[in-house]
Amino acid sequence: MVRSGVVLAVAVVVLAGGCSSADRAAPPPTVSTSTNQRLPDPATAVLDPGKAAALQAVLAKVVASPTTEAGARGVTAAVVTDQWSWSGAAGADAAGAKLTPQTSMGVASITKTFVAAEVLLLAQAKKIDLDAPLSQYVKHKLTANNATVRQHLAMRAGVPNYLPADYDAMNGVIKAAPGKHRTAVEALSYDTAEPTQANSPYNYSNPSYLLLGLLIEKLTGEPLATVLRRDLATPAGLDRAAFQDGEKPKPPIAEDANPICGKAIDGFIPCRAMASLSAASAGLAADAPTVARWGYQLYGGRVVPAELVKQLTDGEGEYGLGTMLFSQTFGLGTAYGHRGSLPDYSSLLVTIPEHKVSVTVILADGNKRTETVVTELVAALQPLLGK
């Protein structure tokens, strides 16, 4: 693989789904705790177009400066509250097709919020002990340090993320056969970094979530996509979520300019090989309204019990269990969610339960500062929420 600056930047975000250099430049979120209250039903009413103009203006600003850190060729966004909902789009995908609010794109590590919620449901059902070593359930060299299931969820298991050379190796396999299904076991085989001791300081780890995906499949005896659909997506009303490669994204689908996958020909985002290698860590594809609804349903205690939401949203520093913890980062209060990063997509889910609001932004461009866009959307939202 040619090591130009651009290609190296692509390589380090492939399958990373949440740790692009643009996002790492942002101030780290701080510890926060959940309100543990079940939110009211998400609204079915749509925000008055006149009032929505301020939100749409934020999207117009994004596409007006596509080469800036917070700009992009195209953007979709959505807001879900207990009073109204809104979704919007501006710009185009890599092929020049106009985006709509319903355009499906890769949202990468937002997938981890589903995996973490499912593991907690299995623990609540007494099928697993969160404080038992993951090696008790999944035998692998990366579980040999006996880190617990909870530590893997919190990315404190001492399992390092992939090294640049590991991504290079995976990229070569993807490029050779972009339409081929790959397995989590194969993806884990590319991780050459040596694990450290259990209960280590937080270190972002995609391999931990691939191991957790194997855990879910072992305990249920079913494919990961089947389990997440039945236990989480269907109860939350997420018809347009796709857990790749067990499911295909719903059209319209944004086309990317990914040099690793090449032109999409198989209906997966960005291609089947990449999606399947990262299924449990970054395989989710969806549109912005779907992701915003998921945040409202999950962190609003509407799809898993409030006591499980508390576990998801408690943590030391910037990460809970499959959840990024934000304090006043977005100017409206304690927030929870996750960011995602793929070579040609940048995404961010932010839910603020105290104000009964969930916001999602998906940029049709990689390695972008999604926090800046969400911050501006939240600022435009405040008058609409009476804040």
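Is Lys 126 buried or exposed? Lys 126 counts as exposed, because its relative accessibility is 75%; here buried means under 20% relative accessible area, exposed over 50%, and partly exposed in between, with a 1.4 Å probe and protein chains only. Before going further, please note that this is a predicted model, in which local features need pLDDT of at least 70, side-chain atom pairs count only at pLDDT 80 or more, and totals for chains, interfaces and linings use all residues. Residues are numbered from 1 along each chain as its sequence is written, and side-chain values use heavy atoms, with hydrogens and water left out.

Lys 126 sits in the loop between helix 4 and helix 5 (149-153). Helices (H or I, at least four residues) and strands (E, at least two) are DSSP runs, numbered from the N terminus. Asn 146 lies in that loop between helix 4 and helix 5 too, and it counts as partly exposed at 44% relative accessibility.

| Item | Value |
|---|---|
| Lys 126 | phi near 65° |
| Asn 146 | phi near 65° |
| Gln 244 to Asp 245 | cis, omega near 0° |
| Pro 251 to Pro 252 | cis, omega about 0° |

Asp 245 is in the loop between strand 4 (242-243) and helix 10 (272-277), and Pro 252 is in the loop between strand 4 and helix 10.

Beyond its neighbours within four places in sequence, Val 149 is in contact (heavy atoms within 4.5 Å) with residues including Val 119, Leu 134 and Leu 215.

Leu 211, in helix 8 (residues 206-220), counts as buried at 0% relative accessibility. Not counting residues up to four places away in sequence, Leu 211 touches Leu 134, His 140 and Leu 188, among others.

Finally, consider a helix pair. The axes of helix 9 (residues 224-236) and helix 12 (residues 288-299) come within 9 Å and cross at roughly 105°; axes are lines fitted to C-alpha atoms, for helices over the stretch in contact, and angles run from 0 to 180 degrees between N-to-C directions. Helix 9 is therefore roughly perpendicular to helix 12, a term for angles of 65 to 115 degrees. Leu 232, Pro 235 and Ala 236 of helix 9 meet Arg 293, Trp 294 and Gln 297 of helix 12.

How values were computed:
Angles under 35 degrees count as roughly parallel, over 145 as roughly antiparallel, 65 to 115 as roughly perpendicular and the rest as oblique.
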